[in-house]
Amino acid sequence: MHTSMSKLIKMSQPIYANVYRSEKHTNKTQKGSDCEKRRWTRVARGCLGLLCFHLLIGVIALSAILIISQTDCKQAKDQLANITTLTEERNQLLRTITERSSQINELLKSDGWIYFQSSLYYMWNETKTWEASSRSCKESGADLIIINSEQEQDFLMNITRNEEFWIGLNDSEVEGTWKWVNGDTTTTMFWATNEPNGGHNENCAVTHINRHPDLIGWLDVSCNDQYKWICEKKLLTMP
């Protein structure tokens with residue numbers, strides 16, 4: 001009996017060993033499978049993160065392209081608007097030149113008008129006060145002459161030949177503040193020596209005084225005196 005039990009135990013030992021080895025192999029296989037799963041999970045997460053990163057970069061790039069496109073579009077619209085404005089201004093200038101050319105042709109048909117540097121001048125031979133002379137010029141669509149440069153002053157001296165003519169300059173509003181008929185204050189002055197010197201009694205300017213032939217340049221006189229006058233019509237003044 002004892003011998004039979006011993007044999008039975010010896011026979012069962014290999015079986016238990018095989019079962020143990022089988023279980024151990026199964027555990028190793030399961031552990032290997034779990035490691036493999038975790039590894040692939042990490043790989044999948046990494047790929048997903050990389051994909052999200054590239055997607056984010058793509059969205060940012062697309063947004064930048066859209067912003068640049070919108071900016072370029074706005075700049076193009078602004079440039080087109082500027083071109084349109086310049087075209088309109090050019091057309092307006094051409095219309096003005098055409099109108100002024102017609103006026104030149106009409107005015108030059110009349111005797112007495114003289115052309116110089118985009119202006120027409122008319123010298124009146126009768127005499128009036130400064131105010132009456134200014135009013136006469138306005139009635140003809142002009143003003144008493146306004147002298148803006150040395151070239152225009154030289155032109156004035158050449159056409160007046162030391163005769164007495166009103167110019168569009170006075171200090172009637174504020175003594176000592178000389179203004180042209182268009183309201184501009186004078187910065188370019190061609191007064192004769194020691195002129196102006198009349199104070200409150202002499203508030204208007206003339207080109208020359210016959211009683212003082214040695215004085216060359218403007219002189220201040222009483223606005224109620226009577227002299228010839230010169231009207232000026234600027235041809236290229238924009239409306």
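# A tour around Trp-218

Start by selecting Trp-218 in this predicted model: at a relative accessible area of 0%, the residue is buried, since the cut-off for that class is under 20%. Trp-218 sits in the loop that runs between E6 and strand E7 (219–221).

**Around Trp-218**

**The aromatic rings**

Now show the rings of the aromatic residues. Over the whole structure, a search finds ten aromatic pairs. In the pair made by Trp-180 and Trp-218, the ring centres are 5.7 Å apart and the planes stand at 85°, so this is an edge-to-face pair; the class calls for planes over 60 degrees apart. Distant parts of the chain are linked here, with Trp-180 in strand E5 and Trp-218 in the loop between E6 and E7, 38 residues apart. Trp-180 and Trp-218 are both buried.

**The cavity**

Which residues line the largest cavity? Select Gln-153, Leu-156, Met-157, Thr-160, Asn-162 and Glu-163, then Thr-207, His-208, Leu-215, Ile-216, Gly-217 and Trp-218, and the lining is on screen. By class, the lining is made of five nonpolar, six polar and one charged residues. A search of the whole structure finds one cavity of 30 Å³ or more.

**Backbone stops**

Move to the loop between strand E5 (179–180) and strand E6 (204–206), where Pro-196 lies. The peptide bond leading from Glu-195 to Pro-196 is cis, and its omega is near -5°.

Asn-194 is in the loop between E5 and E6 as well. Its phi is near 65°, which is a positive value in a residue other than glycine. Is Asn-194 buried or exposed? With a relative accessible area of 65%, Asn-194 is exposed, because that class begins over 50%.

Then go to Arg-161, located in the loop between helix H3 (150–160) and strand E4 (165–170). Here too phi is positive in a residue other than glycine, with a value near 50°. Arg-161 counts as exposed, at 67% relative accessibility.

**The whole chain**

Finally, zoom out and colour by secondary structure. The chain comes to three helices and eight strands. Read from the N terminus on, its elements run α-β-β-α-β-α-β-β-β-β-β.

Colouring by accessibility gives another view: of the 239 residues in the chain, 27% are buried, Trp-218 and Trp-180 among them. As for contacts with a separation of 6 or more, 67% are between residues 24 or more positions apart.

Note on methods
Residues are numbered from 1 along each chain as its sequence is written. This is a predicted model: local features need pLDDT of at least 70, side-chain atom pairs count only at pLDDT 80 or more; totals for chains, interfaces and linings use all residues. Side-chain values use heavy atoms; hydrogens and water are left out. Helices (H or I, at least four residues) and strands (E, at least two) are DSSP runs, numbered from the N terminus. Buried means under 20% relative accessible area, exposed over 50%, partly exposed in between (1.4 Å probe, protein chains only). Rings of Phe, Tyr and Trp (its six-membered ring) pair if their centres lie within 6.5 Å; planes under 30 degrees apart count as stacked, over 60 as edge-to-face and the rest as tilted. On a 1 Å grid over the protein atoms alone, a cavity is a set of points where a 1.4 Å probe fits but cannot get out, and a pocket is an open set with protein on both sides within 12 Å along at least five of seven lines; lining residues have an atom within 4 Å of a point. Grid points are joined across faces, edges and corners, and a volume is the space filled by probe spheres set on the points. Ala, Val, Leu, Ile, Met, Phe, Trp, Tyr, Cys and Pro count as nonpolar, Asp, Glu, Lys and Arg as charged, and the others, Gly among them, as polar. Contact means heavy atoms within 4.5 Å.
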